[in-house]
Amino acid sequence: MSDPTNFPRLSDELEAGLTAYMTDPDVGSPSASRAAAIETILRDWLVAHRYMPEVPKPVPVRLDSQGINREEVQYPGFIK
């Protein structure tokens, strides 16, 4: 959002729902701003209703016990 301070207050019902969303530990980060929460909700809705393409999430890097990402190693047999 360009200027989150300019975002108008919503109806009491929507503000209560937004507050519940922002304080839900299973949904998002409690430190997220009001504008970030609204942006996340809107993006999720637009993607779910196919108005916007889904943005792929980055795949986490999996390291073995030695800290090596074996999925990206071309010759894993040479790693000791």
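Author: Start with E54, which counts as exposed because its relative accessibility is 65%; exposed means over 50% relative accessible area, buried under 20% and partly exposed in between, with a 1.4 Å probe and protein chains only. This is a predicted model, where local features need pLDDT of at least 70, side-chain atom pairs count only at pLDDT 80 or more, and totals for chains, interfaces and linings use all residues. Residues are numbered from 1 along each chain as its sequence is written, and side-chain values use heavy atoms, with hydrogens and water left out.

Reader: Ok, where is E54?

Author: E54 sits in the segment after α2. Helices here are DSSP runs of H or I with at least four residues, strands are runs of E with at least two, and both are numbered from the N terminus.

Reader: What separates the C-alpha atoms of E54 and D44?

Author: A distance of 8.7 Å, and the two residues are ten apart along the chain.

Reader: Switching to R50, what is its phi?

Author: R50 has a positive phi of about 60°, and it is not a glycine. Most residues other than glycine have a negative phi.

Reader: Is R50 buried or exposed?

Author: R50 counts as exposed, because its relative accessibility is 77%. R50 also lies in the segment after α2, a helix that covers 34–48.

Reader: And the whole chain: how many helices and strands?

Author: The protein chain has two helices and zero strands.

Reader: What share of the residues is buried?

Author: Of the 80 residues in the protein chain, 9% are buried.
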